[in-house]
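Reader: Could you walk me through how the pieces of this one pack together? I'd like to start with a pair of helices and then move on to a sheet.

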Amino acid sequence: MIVTSEQEWAGLRRAGRAVAAAREAMLAAVEPGVTTLELDRIGENVLKAHGAVSGPQTMYDFPGATCISVNKCVAHGIPGETRLKAGDLVNVDVSAVLDGFYSDTGSTMVCGTKPDAYKSFSPEHPYAEKLRILAACERALFAGIGKAKAGGKLSEIGRAVLREAQNNGYTVIRNLTGHGLGRQLHEEPSHVFNYPDPRERRLLKKGVVIAIEPFLSTGATNVNEGDDGWALLVPDNSLVVQFEHTVVVTEGDAVIMTLAE
């Protein structure tokens, strides 16, 4: 989608506010003993309050309003009876459609801590290793967003993400990428890689809407599909985390549609 009117800007902002509000409400409810289904219902209710409808349900008949992935499940986790435990890595991925506009966002946290615990913690923290990769992933996300400028190379987003990951001793998951969106949940560019693909030579156009979502890992570089046909699983014991924002490319700084209010 290329944004060309104030009406489209306003529609994307409303959709972005809806998914951001659902994300924040779900993260705030993460605690030991809560089930992923309970979190999903919180997200669904927030979306409904904004007049929005689940993106994965609408587009793909996904068996949940949101995707909630825990530990070895990296993405597309189906909400269910899984009870969270202290120390679990919990990823919340929320996408929705509102008045014909889609928005997509995600965040990861450690159960038993505050959602933003990675922003300030001591080396002695019991979950320091997990908080450290969370901090690096958020930095990688904003490094990528910083390269989302009209006329710039799409591949520079992935180059910035990979550089930030490697500078902190992490790898990126290569078979999970960001994507274009707007009038559909997935549009062109179909892949916004988290590494510089040499085949990707396209330039970013003013007004294009993209979701940037780095997945940082302590070792793994790919994920595999689980038995349920949805969940994407790490093949080893690597830690994997994700952060995601929907942005609109401009000639200056990209405009983030999914910041928390």
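Author: In this predicted model, helix H1 passes helix H2 in a right-handed crossing.

Reader: At what angle do H1 and H2 pack, and how far apart are their axes?

Author: H1, which covers residues 6–28, and H2, which covers residues 36–49, pack at an angle of about 150°, and their axes are 8 Å apart. Since angles over 145 degrees count as roughly antiparallel, that makes H1 roughly antiparallel to H2.

Reader: Which residues make the contact?

Author: From H1 the contact draws on Ala18, Val19, Ala21, Ala22, Ala25 and Met26, while H2 contributes Leu39, Asp40, Ile42, Gly43, Val46 and Leu47. By residue class, the contact of H1 with H2 comprises ten nonpolar residues, one polar and one charged.

Reader: Switching to the sheet, what is the order of its strands?

Author: The sheet is open and has three strands in the order E6-E10-E13, with antiparallel pairing. Strand E6 (171–172) and strand E13 (240–242) stand at the edges with a single partner strand each, so one side of each is left without a neighbour in the sheet.

Reader: How many bridges join E10 to E13?

Author: Three bridges join strand E10, residues 215–217, to E13, and the two run antiparallel. Within that pairing, Phe215 stands opposite Gln242 in E13.

Reader: And which helix packs on the sheet?

Author: That is helix H4, residues 128–146, which touches E10 and E13, and the direction of H4 makes about 145° with that of E10.

Methods: Residues are numbered from 1 along each chain as its sequence is written. This is a predicted model: local features need pLDDT of at least 70, side-chain atom pairs count only at pLDDT 80 or more; totals for chains, interfaces and linings use all residues. Side-chain values use heavy atoms; hydrogens and water are left out. Two strands pair if DSSP finds at least two bridges between them. Helices (H or I, at least four residues) and strands (E, at least two) are DSSP runs, numbered from the N terminus. Contact means heavy atoms within 4.5 Å. Axes are lines fitted to C-alpha atoms, for helices over the stretch in contact, and angles run from 0 to 180 degrees between N-to-C directions. Angles under 35 degrees count as roughly parallel, over 145 as roughly antiparallel, 65 to 115 as roughly perpendicular and the rest as oblique. A crossing is left-handed if the near helix is turned anticlockwise from the far one by less than a right angle, and right-handed if clockwise. Ala, Val, Leu, Ile, Met, Phe, Trp, Tyr, Cys and Pro count as nonpolar, Asp, Glu, Lys and Arg as charged, and the others, Gly among them, as polar.
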